[in-house]
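Welcome! Please take a moment with the sequence and the 3D view before reading on.

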Amino acid sequence: MRNPKNVLESLTSKAASKDYHYQRLYRNLYNPAFFLLAYERIQAKPGNMTAGSDGKTIDGMSMKRIEALIQKLKDFSYQPKPARRTYIPKANGKTRPLGIPSFDDKLVQEVVRMILESIYEPTFHVTSHGFRPKRSCHTALQYIKRNYTGVKWFVEGDIKGCFDNVDHHVLVQILRRRIADEHFIGLIWKFLKAGYMENWEYHNTYSGTPQGSLISPILANIYLNELDVFMAEYSKSFNCGTKRKINPAYKKPLDVRRGKQEWLKRNEAKISEEKRREVMAQIQELNSQLRSIPYSDPMDTEYRRVVYVRYADDFLIGVIGSKEDARQVKSDVGAFIKEYLHLEMSPEKTLITHGSDFAHFLGYLITVSREQNSTRTKTGFTRRTYVGKVKLYVLKEKWLNRLLSYGALKISYDKTHGNKEVWEPVRRPGLIRLDDIEILNQYNAEVRGMYNYYRLANNATVLNAFVYVMKYSMYKTFAGKYRT
């Protein structure tokens with residue numbers, strides 16, 4: 001049997017060739033080394049001791065169990081167990097369904113995931129950042145900071161119930177473009193149709209990727225890569241113009257300044273010092289005026305750009321153009337998603353926002369700066385530094401809700417001062433029974449998590465208020481533990 005790492009590298013080496021069709025993928029599932037590699041990759045995950053609908057966990061995994069699994073795959077009698085459905089809370093107070101597969105199914109899914117990732121990962125677009133190696137929310141946000149300079153309009157995109165409504169037939173058609181192995185496709189069909197158990201009642205799955213499964217993220221990315229490809233082609237037809245025209249309001253004082261500079265250069269030897277100072281003052285006044293006016297014409301209809309980034313089922317489109325252009329982009333993208341992917345955009349979450357307002361993406365507020373701050377370059381020229389640059393901000397509700405969810409903060413209202421909010425750090429009874437070092441580590445981990453996620457924000461210092469409340473909540477937790 002071949003080394004699985006060599007097999008995966010071989011699959012990756014052929015991914016760049018769009019005409020290449022992968023055959024005989026299913027036979028890799030007969031290789032015990034693949035299952036050992038899969039076990040190595042997933043054995044440390046915390047959910048492995050949670051039993052699926054068959055009651056089995058990682059406990060008791062052995063080569064005998066793997067060989068029995070391979071034998072079922074060889075004679076095609078393998079059938080994934082229905083996932084055990086549970087619900088986890090969301091930040092908005094609602095719940096999200098989560099499927100818990102059996103550990104045997106997790107092993108097979110991890111092997112399938114590794115194969116699919118080797119085939120498709122090299123072909124995914126740079127605009128996709130969700131559930132991919134070496135990519136994260138931060139890489140998506142950094143992409144926005146680099147590429148969204150000067151954006152006039154944001155289209156905040158959210159696909160309604162994306163993972164629950166993926167069309168199985170469309171997904172399999174996409175897979176068949178690259179994979180010419182019906183046994184492998186059939187195995188994916190089995191996972192898609194495995195269903196789930198809720199309150200010991202079986203439910204079929206007619207659409208969607210298996211919630212909680214290891215292959216769900218890669219299947220969703222393969223599906224939504226169609227949107228990434230569409231946006232790459234769409235931008236080519238939408239974009240026009242190489243650069244904006246000069247702003248007429250900027251050109252007039254610019255010409256006046258140049259004229260005065262030329263006159264001063266020609267007559268410097270003839271004029272008095274007083275006259276020279278007078279002309280220099282006029283030039284300085286014109287420079288100040290020019291710094292308050294955009295150099296390029298913001299209303300230039302012959303210059304348009306569209307930029308796009310996606311993280312899982314959330315995406316953010318930036319439009320340099322008119323509001324009508326932004327509406328057209330939103331309409332065209334919505335039509336593609338509905339017609340080709342059989343999904344719908346969420347009406348309440350898909351918004352058009354002006355660049356100087358705040359768009360919401362991945363828990364950050366995103367805006368385009370209109371600041372006129374200037375700095376002097378090495379050559380001595382004055383240059384505007386922040387105009388059109390993207391800025392990221394922490395949303396107050398994010399860290400405030402986190403404090404409330406931890407139970408570290410109590411908010412009361414002072415009626416004598418017009419219902420003014422009064423914040424009070426409070427102890428957390430659930431931590432009192434832990435050792436001192438465990439309490440300290442818990443608070444430190446929560447503070448680090450908040451700072452690490454929002455470290456890209458231009459106003460990250462507002463998290464000092466978060467740290468203040470957490471610190472005094474910790475003091476009160478220790479005070480409660482030692483009754484002092």
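Predicted model: local features only at pLDDT ≥ 70, side-chain atom pairs only at ≥ 80, totals over all residues.

Numbering starts from 1 along each chain as its sequence is written, and side-chain values use heavy atoms, with hydrogens and water left out. Helices (H or I, at least four residues) and strands (E, at least two) are DSSP runs, numbered from the N terminus.

**The largest pocket**

- The largest pocket holds about 2,000 Å³ of space. A pocket is found on a 1 Å grid over the protein atoms alone, as an open set of points where a 1.4 Å probe fits, with protein on both sides within 12 Å along at least five of seven lines. Its volume is the space filled by probe spheres set on the points, with grid points joined across faces, edges and corners.
- The lining of the largest pocket counts 47 residues, and K90, R96, D158, D314 and K349 lie nearest the centre. Lining residues have an atom within 4 Å of a point.
- Elements giving two or more residues to this lining are β2 (95–100), β3 (153–158), α6 (162–165), α9, β7 (314–320), β9 (359–361) and α13 (396–406). The largest share, 5 residues, comes from α13.
- By class, the lining has 20 nonpolar, 13 polar and 14 charged residues. Here Ala, Val, Leu, Ile, Met, Phe, Trp, Tyr, Cys and Pro count as nonpolar, Asp, Glu, Lys and Arg as charged, and the others, Gly among them, as polar.

- Helix α9 (residues 216–238) has 23 residues and should span 33 Å at 1.5 Å a residue, which agrees with the 33 Å between its end C-alpha atoms. The expected span is 1.5 Å times one less than the number of residues.
- At L224, α9 bends by about 30°. That bend is the angle between axes fitted to the seven residues ending there and the seven starting there.
- Helix α10 (residues 248–267) has 20 residues; from first C-alpha to last it reaches 29 Å, close to the 28 Å expected.
- Within α10, Y250, P253, L254, L264 and N267 are buried. Buried means under 20% relative accessible area, exposed over 50%, and partly exposed in between (1.4 Å probe, protein chains only).

**Residues in strands**

- Y308 lies in strand β6 (residues 305–311) and is buried, because its relative accessibility is 5%.
- Contacts of Y308 include T127, Y143, Y148, L227 and D228, leaving aside residues up to four places away in sequence. Contact means heavy atoms within 4.5 Å.
- Y308 and K5 are 303 residues apart along the chain, and their C-alpha atoms are separated by 34 Å.
- V390 sits in strand β13 (residues 390–394) and counts as buried, at 5% relative accessibility.
- V390 touches I144, K145, Y148, T149, I366 and T367, again not counting residues up to four places away in sequence.
- From V390 to R370 is 20 residues in sequence and 9.6 Å in space, C-alpha to C-alpha.

**Residues in helix α15**

- T477 belongs to helix α15 (residues 463–482), and it is buried, with a relative accessible area of 0%.
- Around T477, the contacts are R427, R428, L431, I432, I439 and Y443, not counting residues up to four places away in sequence.
- Y482 is also found in α15, but Y482 counts as partly exposed at 49% relative accessibility.

**Positive phi angles**

- Most residues other than glycine have a negative phi.
- F76 has a positive phi of about 60° although it is not a glycine. F76 lies in the loop between α3 (63–74) and β1 (83–89) and is partly exposed, with a relative accessible area of 40%.
- L362, another residue other than glycine, has a positive phi near 55°. L362 is placed in the loop between β9 and β10 (364–368) and counts as buried at 15% relative accessibility.
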